[in-house]
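Let's walk through this structure together, one part at a time. Have the sequence and the model open side by side as you read.

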Amino acid sequence: MLRKTITALAMTATAVLLATGTAQAADAYVSTAAPAEGHGSAYWAENGDTLTVCDNEADGWGTRAYIYVPNQPNPANGTVLIKGNDPKSADGCYAYSENISETTALSIKVCLYSGATVDYCDHRRIR
């Protein structure tokens, strides 16, 4: 009887450790900054490691988004892991996937672009 109790307790403890030891999902949404706020947006889905980029306005600007490892002390920039564009105007969204380790620190950044000009960026930390 004591052996069964110890085995049950060990199995419960193992399940709790495994459940708490996994990374928590960190989905994130960010849109372009003013004066073009909301004209472009990006969404990061942790489950599937997918960046979705959306150009929401027919204004001559495309939308570009990045998933990156942020630099210190400048967290608005870093090592780009995924870069995606939605060059069309308000026609839907484009998705980009890349398998990224759950232990990697990530940020998301979204900007509007026209030719070589990239502007109206906003970013946030994911994990």
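Which residues have the most contacts inside the largest nonpolar core? In this predicted model, that core has 15 residues, and those with the most contacts inside it are A42, W44, L51, I67, I108 and I126. Several strands contribute: β1 (28-31), β2, β3, β4 and β7 each supply at least two residues of this core.

Now turn to the strands themselves. An open sheet of 4 strands runs in the order β5-β4-β7-β8, with antiparallel pairing. β5 (78-86) and β8 each have a single partner strand and stand at the edges, so one side of each is left without a neighbour in the sheet. From one strand to the next, the twist averages 20°. If you zoom in on β4 (residues 62-70) and β5, you will find them paired in the antiparallel sense over 8 bridges.

Next, the charged side chains. Side chains of opposite charge can pair when their charged atoms come close. Here the count comes to 2 salt bridges, and E46, E102 and R127 are linked in a network of them.

Take R127 and E46 to begin with: their closest N and O atoms are 3.3 Å apart in a salt bridge. This pair links distant parts of the chain, with R127 in the segment after β8 (117-125) and E46 in the loop between β2 (40-45) and β3 (50-55), 81 residues apart. Both R127 and E46 are buried.

R127 also meets the side chain of E102 in a salt bridge, at 3.6 Å from N to O. E102 lies in the loop between β6 (93-97) and β7 (107-114), while R127 is in the segment after β8, so this pair ties together parts that are 25 residues apart in sequence. At 38% relative accessibility, E102 counts as partly exposed, whereas R127 and E46 are buried.

Finally, a word on confidence. The mean pLDDT of the chain is 82, and 80% of its residues reach 70 or more. Over residues 1-23, however, pLDDT stays under 50, and the model has 1 contact beyond four places in sequence for them. Where pLDDT is low, the predicted coordinates should not be read in detail.

Note on methods. Residues are numbered from 1 along each chain as its sequence is written. Side-chain values use heavy atoms; hydrogens and water are left out. A salt bridge is a side-chain nitrogen of Lys or Arg within 4 Å of a carboxyl oxygen of Asp or Glu. Buried means under 20% relative accessible area, exposed over 50%, partly exposed in between (1.4 Å probe, protein chains only). pLDDT is the predictor's confidence in each residue, from 0 to 100. Contact means heavy atoms within 4.5 Å. Two strands pair if DSSP finds at least two bridges between them. Axes are lines fitted to C-alpha atoms, for helices over the stretch in contact, and angles run from 0 to 180 degrees between N-to-C directions. A nonpolar core is a set of buried Ala, Val, Leu, Ile, Met, Phe, Trp, Tyr and Cys residues joined through side-chain atoms within 4.5 Å.
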